Amino acid sequence: MTDKYLSSNDSDSLFLRLQERYGLRENPLAMAEPFYTAAQRGQVLETLRHLCSFGDTALVLTGSLGSGRTRLLTELVRSESQRLRFHALKAAALTGADALMSALHALPVRGPAPGVAAAHTPLEFFRWSAAATRKGERLVLLIDDAEQAAPEVLHQLLAAFRASDRSAAAIPVLTGTDALLNTLGVAAAPADADGVLHLPLPPLAREDVRAYLQARIQKAGGQVAALLSAPQLAQIHDMSQGSFSRLRRVAPAVWLGMAPRGSNTGALRSGRRRSGLHWVALTLVLLAASWWLVAQQYDRTLTVADSEQIPAVVERKSITIGPGHPTLPENETLAPPALALQSPSEPASISTPLVEIGLASADAVPEPEPEPEPEPEPEPEPEPEPEPEPEPEPEPEPEPEPEPEPEPEPEPEPEPEPEPEPEPEPDSPSVFEPALAERFTPLAEVRNRRGFTAQYIAGHEERTALRFMARHPDATELRYTRSERRGRPWFVVFLGEYPDRDSARAALATGPASLRDTEPWLRAYTSF
């Protein structure tokens, strides 16, 4: 029932049933407003707004299907369209360099000149966009579901952005799943990687699901207690898997009782895992039983083999009697003939005599006497150990010669004075020298201030801050400082010192004319 509902698009009939049962004025799951800012969505939106205006990095927004990537881009365009110019490229159409060139030419802006080679078109576009930014209009390229584009096109686009003036060039914003990170070679962490910033969207937790639905149910005139009880909330969260799109589809099924109670995708997956473990355990038990049976059979075979008697091996001796050999001792008898080991069926002719008798019979031809074996040479008597020579009397130690008077040691040469260590050069990376010292404020001094300030721009390069102040010569109170952002320098341009945000807004409304149309970020000095 639930799977059938999940594949259904008849939302109107489902809403009529919800309206009849719960008295809803409108469909709470079809509301585009309010924008959901929890689960890091609001933080990611503010980061996009700030970096699209003043940043110098490409932005990669990732999340699972239905995590709200497209909704975030829609909210970004809606809130910033007065200050920024957004241009969307269809990812599926970016199949190669020629397709990218055609897409850039089709934008309603003065892009690269016709006839430029496809390999250089992105670079020409970003250079032109930097010139447009200096005239007060910054561009943003949006590519949703960017993993559908050809990987070489994305690499070519990012390479052209890195080669341009990143503090003023158009900002590429790419969205997709985590597979996009592998395509771009970007680490799966919110860290700057060679001009690319990764912004992940986590799945919704159970409390996120409650907050998202509660605001919409109240706006639609429904009862939160009737639609978001603990069992219903747990079932909606498990079946939606933290996804907005699945949440909009499974919530009506739970509210109308179309989803079986006590069953969810997580339980089904865990049940399948338990069933698989049962089969593995059964297989191991059968293997152990078969091993035990084979071991028992092997032991019985060894026992039977050991019980059989092995015939004793008769030791065969060969004795030679004759001159030059000692006679057989009286108490020693000859070994029984080897015929005793033969079966009656074996012919006696093939037997080999075990005892050779050296006395010749009357009929036999006398065999030549064997040459006597050479007697073993007597072992040489051990030479008498030489008597130890008398130890020579120790010679009388010679009287020590009078030591010559030590020659006077030459006076040590004076050690050369250590050369003074070279002072660190001003260009040393460990010492930062601001290019515009009269407008620079050290970070420690900034953090010691109290109250609020207006931040206008931030970037990894000092020239980003200097160019911004140069574009606003009437704002002589602009200052900049240098901090670190994930191990890299981070230059921030700010203005003023105010006790609270309301005072800051009132002062900025009458501040320098060139900054009145710019919406700064009001932040506390202690947050630097």
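In strand β4 of this predicted model, L174 is the bridge partner of V60, and L59 stands opposite V173. These positions belong to the contact between β4 and strand β1 (residues 58-62), where 4 bridges join two strands that run parallel. Strands here are DSSP runs of E with at least two residues, helices are runs of H or I with at least four residues, and both are numbered from the N terminus. Two strands count as paired if DSSP finds at least two bridges between them. A further set of 4 bridges pairs β4 with strand β3 (residues 138-143), again in the parallel sense, and here V140 has I171 of β4 as its bridge partner. From β3 the chain passes through helix α7 (residues 151-163) to reach β4, in a β-α-β crossover that is right-handed; that is, with the strands pointing away from the viewer, the path from the first strand over the helix to the second runs clockwise.

The order β2-β3-β4-β1-β5 describes an open sheet of 5 strands with parallel pairing. Strands β2 (84-88) and β5 (196-200) stand at its edges with a single partner strand each, so one side of each is left without a neighbour in the sheet. From one strand to the next the twist averages 20°; axes are lines fitted to C-alpha atoms, for helices over the stretch in contact, and angles run from 0 to 180 degrees between N-to-C directions. Helix α7 lies across β1, β3, β4 and β5 and runs at about 150° to β4.

Strand β4 is largely enclosed by the rest of the structure, because 6 of its 6 residues are buried. The term buried means under 20% relative accessible area, with exposed over 50% and partly exposed in between (1.4 Å probe, protein chains only). I171, V173 and T175 point one way from β4, while P172, L174 and G176 point the other way.

A second open sheet holds 4 strands in the order β7-β8-β6-β9, with antiparallel pairing. Its edge strands are β7 (479-485) and β9 (521-524), each of which pairs on one side only. Neighbouring strands of this sheet are turned by 45° against each other on average, direction ignored. Within it, 6 bridges join β6 to strand β8 (residues 488-498), and the two run antiparallel; I457 stands opposite V493 in β8. Helix α15 (residues 462-471) packs on the sheet and touches β6, β7 and β8, its direction making about 30° with that of β8. Helix α3 (residues 41-54) lies across β6 and β8, at about 65° to β6.

The C-alpha atoms of Y456 and W521 are 6.5 Å apart, although 65 residues separate the two along the chain.

As for confidence, pLDDT (the predictor's confidence in each residue, from 0 to 100) averages 75 over the protein, and 67% of residues reach 70 or more.

Residues are numbered from 1 along each chain as its sequence is written, and side-chain values use heavy atoms, with hydrogens and water left out. As this is a predicted model, local features need pLDDT of at least 70 and side-chain atom pairs count only at pLDDT 80 or more, whereas totals for chains, interfaces and linings use all residues.

Technical notes
Contact = heavy atoms within 4.5 Å.
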